[in-house]
Amino acid sequence: MSLQAVLVVALYFANGLSGAGPKQVSAKHKAAVAFARVNPARMLTTDPDWIDAAREVHADQGRIDRQLLRLTTTELNRFVIRQGSRRGLKLALTFDDGPHPLFTPKLVQILKDAKVPATFFMIGHMADSYPDMVRLAFSNGFEIGNHTYSHVTLTKLTDEQAGTEYRATNDILKKLTGKTPRYCRPPGGDFDLNVLEAAFGEGLTTVLWTDDPGDYKDPGDTTLLETESAKLSAGGIILLHDGSQDTIDTLAKFIDSCKRRGFQFVTLDELRRP
């Protein structure tokens, strides 16, 4: 467990916070936030969490399938979304690791211009640092999801700590939007029964994905477009990132391509309907 995550847990319980998120506890994050306000275009190469996110290895589809298979005898399988209804060519767009002072406004504008809904899974401490970015996405009608407070691997935490990561972020996002998040995504797609129980205990449904084109690796526009389009299927959930220049460069083209193929972009709620 990272030092920051330890401090988050300690501060949250020591201060008895219930209606507001934890405060910034790391000098490196304070420095990164200050730097970003002056040099937002260089944020990705300096912010510790986005560096960590870029190194993150997302669970592959086979591993997710095996994890989900273990849930078939539990009631928690009702609170995990891997794929939506296969009736009709519907897709859901999701963006992890925001909010970002440079990229979030651009994503919002592209999605608005295309009249496409999406879910932004936001990191709690980044939401605390950039509240206007959270409000921007929310006020334009986009779903705001919970991506933990510290962007840690939840399977390495205790049940109580995992719950705190989700609860702290719920508190911050509710304070900023007036609405408690209903959906969450564990960083890297790493989950087990305890992680799902922690999410469920905070009123959250865990959202995974069917398509991970790897935009966080900055593969280049052509490669990203090809990967995004290769395995689309009805009810698919697409994993992208709020912080990828390649995604900014290709998102409008990708949306247009999907629409030409007959796909319709919908909210997670709509995707779940039979």
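Helices (H or I, at least four residues) and strands (E, at least two) are taken here as DSSP runs, numbered from the N terminus. With that naming in hand, let us walk through this structure, which is a predicted model.

**Overall make-up**

The protein has 274 residues, and 54% of them are buried. Its secondary structure amounts to twelve helices and eight strands. Taking contacts between residues at least 6 apart in sequence, 77% link residues that are at least 24 apart.

**The nonpolar cores**

In soluble globular proteins, nonpolar side chains tend to be buried together. Here the largest nonpolar core holds 34 residues. Leu93, Phe95, Leu111, Phe120, Leu251 and Phe265 are the members with the most contacts inside this core. Several elements each give at least two residues to the core: the strands E2 (90-98), E3 (119-122) and E7 (236-241), along with the helices H5 (103-114), H7 (131-139), H8 (159-177) and H11 (245-260). Which of them supplies the largest share? Helix H5 does, with six residues.

Leaving aside residues up to four places away in sequence, Leu111 touches Leu93, Phe95, Val116, Ala118, Phe120, Phe142, Leu251 and Ile255. Another core, of 14 residues, lies apart from the largest one, and Leu154, Leu157, Phe191 and Val195 are among its members.

**Helix H11 and its two partners**

Two packed helices are described by the angle between their axes and the distance between the axes.

H5 and H11 pack at an angle of about 15°, and their axes are 10 Å apart. Angles under 35 degrees count as roughly parallel, so H5 and H11 are roughly parallel to each other. Their crossing is right-handed. On the H5 side, the contact involves Phe103, Lys106, Leu107, Ile110, Leu111 and Ala114, and these meet Gln245, Thr247, Ile248, Leu251, Ala252, Ile255 and Lys259 in H11. By class, this contact of H5 with H11 has nine nonpolar, two polar and two charged residues.

What angle does H10 (residues 221-230) make with H11? The angle is about 40°, and the axes of H10 and H11 lie 10 Å apart. H10 is therefore oblique to H11. The crossing of H10 and H11 is right-handed. Asp221, Leu224, Leu225, Glu228 and Ser229 of H10 meet Asp246, Thr247, Asp249, Thr250, Lys253, Phe254 and Ser257 of H11. The residues in the contact of H10 with H11 divide into three nonpolar, four polar and five charged.

**Backbone details worth a look**

The peptide bond that runs from Gly98 to Pro99 is cis, with omega near 0°. Pro99 itself sits in the loop between E2 and H5.

The loop between strand E4 (143-146) and H8 contains Thr148, and His151 is also found in the loop between E4 and H8. Thr148 has a positive phi of about 75° although it is not a glycine. His151, likewise not a glycine, has a positive phi of about 55°.

| Residue | Relative accessible area |
|---|---|
| Thr148 | 0% |
| His151 | 10% |
| Ala137 | 0% |
| Tyr216 | 14% |

Because buried means under 20% relative accessible area, Thr148 counts as buried, and so does His151. Ala137 is buried as well, as is Tyr216.

Ala137 belongs to helix H7. Not counting residues up to four places away in sequence, Ala137 touches Val108, Phe120, Met122, Phe142 and Ile144. Between the C-alpha atoms of Ala137 and Thr119 there are 9.2 Å, while 18 residues separate the two in sequence.

Tyr216 is in the loop between strand E6 (205-207) and H10. How many residues along the chain lie between Tyr216 and Asp96 as their separation? They are 120 residues apart along the chain, and their C-alpha atoms are separated by 9.9 Å.

Note on methods. Residues are numbered from 1 along each chain as its sequence is written. This is a predicted model: local features need pLDDT of at least 70, side-chain atom pairs count only at pLDDT 80 or more; totals for chains, interfaces and linings use all residues. Side-chain values use heavy atoms; hydrogens and water are left out. A nonpolar core is a set of buried Ala, Val, Leu, Ile, Met, Phe, Trp, Tyr and Cys residues joined through side-chain atoms within 4.5 Å. Buried means under 20% relative accessible area, exposed over 50%, partly exposed in between (1.4 Å probe, protein chains only). Contact means heavy atoms within 4.5 Å. Axes are lines fitted to C-alpha atoms, for helices over the stretch in contact, and angles run from 0 to 180 degrees between N-to-C directions. Angles under 35 degrees count as roughly parallel, over 145 as roughly antiparallel, 65 to 115 as roughly perpendicular and the rest as oblique. A crossing is left-handed if the near helix is turned anticlockwise from the far one by less than a right angle, and right-handed if clockwise. Ala, Val, Leu, Ile, Met, Phe, Trp, Tyr, Cys and Pro count as nonpolar, Asp, Glu, Lys and Arg as charged, and the others, Gly among them, as polar.
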